[in-house]
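This report describes the packing and strand pairing of one protein model. The sequence and the coordinates come first, followed by the description.

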Amino acid sequence: MGKAIDFKENVLSVPDDPVIPVIPGDGIGPDIWSAAQPVLDAAVARAYGGKRRIEWLPVAAGETAYNATGELLPQATVDAIRKYRIAIKGPLTTPVGKGFRSVNVQLRRTFDLYACIRPVRHFPCVPSPVKDPDSVDMVVFRENTEDLYAGIEWDKDTPEVKKVMDLIKELTGTELRPDSAIGIKPISETGSKRLVRSAIRYAIAHKRPSVTLVHKGNIMKFTEGGFRRWGYEVAAEEFGDVTITAADVRKNGGVVPDGRIVIQDCITDAMFQQVLLHPADYSVLALPNLNGDYISDALAAQVGGLGMAPGSNIGDGYAIFEATHGTAPDIAGTGKANPGSLILSGALLLDHLGWGEAAELVRAGVTNAVSAKIVTTDLARQMTGATEVSCSAFGKAVCDMM
Ligand code: NAI
């Protein structure tokens, strides 16, 4: 029997045989999980010679769970994640229709997974729309709980929107168009600081050169401007001995003192240009929710699409790792799905456990398989001279080549 991961005084304590709940998911979910699990097990076995192993605990959510239990997110699944703290999931269907809340959103809220983390790098030979995808190596920290995604909106012509308009007129003198809908954009010091704190901790742990605060504070001075200001504050107050601002680097003749992480900021629209024109200048990005949503997908496209992009949602003491694409119902069960995103999400999970050696083996296996042009249909059809293999055969190639 495996053991539960513990979390005390902000530190995870990981046994050598942790139990990790798995939601294989809907559509291609079971296909890609069947390919990914042997890869993760092989990497752990190879890295630690049998001293460590993961006990995967299958749990249900999404359409599969709904059909079996009438619930999209059964309580037993929530309880298992609460007990074991770290989970991995495939994509989930949100049935179309009123009254169905996204399971992904429910999981994020239930476990207060406030940072959506997406590393973006290019794997050799993966087709990309840009000239030099290899210079992209960024990790996006997107705030996951507030901003325009907090869900506070009023439709036009409702009594609520009328009240809000009256209040706005009273407070600011501004009269809005009477046929407006209104949404609220809350950005807090607490939410911003904990997100930037986790980005800086990541930069320290992974020896990254910089953290860039990406914001639209020139226009939204208190919300996005606040995000920027609180980001610099948390860097100075809590990490002053290991960080330096870009302004201080300039004062220092452009020299970054040894071991210091540069904290800089960039206006969001300029950032979209910068990641295309000068990607090598950026390493860890920290962003409010909406900007983070946009840039995560844009960056994934820059290195060849969501099929290979891993993701994670992290809170204090809880984390869920996930494939970033959907359930691809058009190819479910055909063996055509690319399991790359879930396999690489598994590598992030291994990193999170502190099992970096195994994580590196997984990434090496993927890099070697893709460099040898052994790929699934989605990539094969964009490459010349590729060997097209099934979902499970790609997993096997990754195991063989790690
Ligand atoms: P999708 O990502 O499932 O599919 C878009 C296109 O990409 C399709 O042509 C599909 O075949 C292809 N594709 C996606 N993943 C692939 C993979 N691993 N290998 C090869 N080809 C792949 O997006 P769509 O069609 O918008 O959504 C389908 C369902 O997935 C919906 O129910 C949606 O709610 C759900 N979804 C779930 C997500 C999650 O659980 N994180 C994220 C996005 C969508």
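Strands, like helices, are DSSP runs numbered from the N terminus, a strand having at least two residues. The model is a predicted one.

**Strand 14 and N313**

In that numbering, N313 belongs to strand 14, residues 310-314. The relative accessible area of N313 is 3%. Buried means under 20% relative accessible area, so N313 is buried. The rest of the strand is also covered: five of the five residues in strand 14 are buried. In a regular strand, side chains alternate between the two faces of the sheet. In strand 14, P310, S312 and I314 point one way, while G311 and N313 point the other way.

Which residues does N313 touch, beyond those up to four places away in sequence? They are R108, L113, A115, C116, N144, Y318, A319, I320 and E322. G365, by contrast, is 52 residues from N313 in sequence, and the C-alpha atoms of the two are 24 Å apart in space.

Strand 14 and strand 15 form a hairpin with four residues between them. In its turn, G317 has a positive phi of about 85 degrees.

An open sheet is built from 11 strands, with mixed pairing, in the order 4-3-5-15-14-6-7-13-10-12-11. Strand 4 (55-58) and strand 11 (243-245) stand at the edges with a single partner strand each, so one side of each has no neighbour in the sheet. From one strand to the next, the twist averages 25 degrees.

| Strand pair | Sense | Bridges |
|---|---|---|
| Strand 6 and strand 14 | antiparallel | three bridges |
| Strand 10 and strand 12 (residues 261-267) | parallel | six bridges |
| Strand 10 and strand 13 (residues 284-287) | parallel | three bridges |

Strand 10 covers residues 210-215, and six of its six residues are buried. Both of its faces are covered, with S210, T212 and V214 on one side and V211, L213 and H215 on the other. V214 stands opposite C266 in strand 12, and L213 stands opposite A286 in strand 13.

**Helices across the sheet**

Helix 6 (residues 189-205) lies across strand 6 (115-121), strand 7 (137-143), strand 10, strand 11, strand 12 and strand 13. The angle between helix 6 and strand 7 is about 155 degrees. Helix 7 (residues 224-239) lies across strand 10, strand 11, strand 12 and strand 13. Helix 7 runs at about 155 degrees to strand 10.

**Helix 1 and helix 14**

Two packed helices are described by the angle between their axes and the distance between the axes. For helix 1 and helix 14 (residues 391-400), the angle is about 10 degrees and the axes are 8 Å apart. Angles under 35 degrees count as roughly parallel, and helix 1 and helix 14 are therefore roughly parallel to each other. On the helix 1 side, the contact involves D31, I32, A35, P38, V39, A42 and R46. These residues meet C391, S392, G395, V398 and C399 in helix 14. By class, the contact has eight nonpolar, two polar and two charged residues.

**Nonpolar cores**

The largest nonpolar core has 76 residues. Those with the most contacts inside this core are I54, F141, V211, L350, L353 and V370. Helix 1 (residues 29-48) supplies the largest share of the core, nine residues. Apart from this core lies another, of 16 residues, including A80, I81, L113 and I320.

What does L350 touch, not counting residues up to four places away in sequence? Its contacts are L40, V44, I54, W355, G356, A358, A359 and V362.

Conventions:
Residues numbered from 1 in each chain as written. Predicted model: local features only at pLDDT ≥ 70, side-chain atom pairs only at ≥ 80, totals over all residues. Heavy atoms only, no water. Core = buried A, V, L, I, M, F, W, Y, C linked by side-chain atoms within 4.5 Å. Buried < 20%, exposed > 50% of the residue type's maximum accessible area, 1.4 Å probe, protein only. Contact = heavy atoms within 4.5 Å. Axes fitted to C-alpha atoms, helices over the stretch in contact; angles between N-to-C directions. Parallel < 35°, antiparallel > 145°, perpendicular 65-115°, else oblique. Nonpolar A, V, L, I, M, F, W, Y, C, P; charged D, E, K, R; others polar. Pairing = 2+ DSSP bridges.
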